[in-house]
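I opened a notebook page for this model. The entries below record what I looked up.

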Amino acid sequence: MRILIVDDEPLARRGIALRLSKHPDVELIGEAEDGEAALNAITVNTPDLVFMDVQMPGMSGLDALRLLTPSERPLTIFLTAYDRFALQAFEVHALDYLLKPIDDDRFMEAMDRARDALVHRQARSQRERMDELLDALPGVPRYAIRFAVRIGHHVAIVAADEVDWIEATGDYVRLHTGGDREYLLREPLHRLAARLDPSKFVRIHRSTIVSVDRITETRALPNKDCMLRLRDGTPLRVSRTYAEALHLALEGQHPATKPV
């Protein structure tokens with residue numbers, strides 16, 4: 001297993017590293033002291049397993065994981081000082097968690113659980129459980145508020161409010177922001193659509209999503225499709241299949257809140 005340690009306390013990182021040194025089947029590929037460094041390390045180095053401190057100054061461990069797409073999130077063992085009540089969410093959804101100070105027997109148990117998850121190819125179900133965890137914890141936004149986009153050997157953070165429109169490109173999406181700036185994000189459009197706030201973004205075509213606030217005008221076409229124009233002048237075609245969703249969005253509604 002290729003492992004990354006994320007903790008803002010050097011002594012905590014050293015303790016994990018010393019325990020890992022006793023396991024011949026693991027490779028420590030790096031350490032990070034905050035969420036931003038962790039985000040970059042995970043995106044660039046793709047570890048199999050991350051020991052992640054939950055609470056850190058600046059970007060927390062949960063914030064970093066929330067920025068990653070489900071397919072990019074590694075198996076995660078949380079390091080936490082949360083009380084018993086707050087741990088209920090971790091017990092249900094997380095691969096495992098370790099309370100500080102870390103007990104050696106619990107560490108061995110967590111490592112065995114991680115091995116089983118990888119050997120039996122349970123990573124997909126663990127990522128789904130991670131989504132549930134991030135939705136269940138208080139203080140974590142339900143919808144994506146920013147995106148982590150890999151550019152070479154670093155990661156750019158793109159705020160959702162900066163995105164004008166989104167287009168599908170195979171298993172990727174292209175985020176169009178102000179001016180001619182574009183960012184390629186590794187996530188299928190249908191999966192990204194589920195992470196977007198429906199009060200701010202609306203799907204107008206099977207390959208296009210647009211920010212509602214960027215729309216300045218719409219124009220009907222003879223075939224029941226229509227065209228819309230964004231603030232920067234970009235024209236986009238609206239498929240008749242998504243015309244009603246667009247109409248509701250422009251009225252400040254979306255299907256989930258449509259009056260009965």
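I began with Val6 and skipped its neighbours within four places in sequence. Val6 is then in contact (heavy atoms within 4.5 Å) with Ala32, Asp34, Ala38, Val50, Phe51, Met52, Asp53, Met56 and Leu79. The model is predicted: local features need pLDDT of at least 70, side-chain atom pairs count only at pLDDT 80 or more, and totals for chains, interfaces and linings use all residues. Residues are numbered from 1 along each chain as its sequence is written, and side-chain values use heavy atoms, with hydrogens and water left out.

Next I looked up the nonpolar cores, which are sets of buried Ala, Val, Leu, Ile, Met, Phe, Trp, Tyr and Cys residues joined through side-chain atoms within 4.5 Å. Buried is under 20% relative accessible area and exposed over 50%, with partly exposed in between (1.4 Å probe, protein chains only). The largest core has 22 residues, and Val6, Met52, Phe78 and Phe90 have the most contacts inside it. Strand S1 (2-6), helix H2 (35-45), strand S3 (49-53) and helix H3 (61-67) each supply at least two of its residues; helices (H or I, at least four residues) and strands (E, at least two) are DSSP runs, numbered from the N terminus. H2 gives the largest share, four residues. A second, separate core of 19 residues includes Ile16, Phe51, Phe107 and Ala114.

Then I turned to H5. Which residues of H5 are buried? I found Phe107, Ala110, Met111, Ala114, Arg115 and Ala117. Down the axis of H5 they fall within an arc of 160 degrees (directions from the helix axis to the C-beta atoms), so they line one face of the helix. Asp105 and Val119 are exposed on the face turned away from that buried side.
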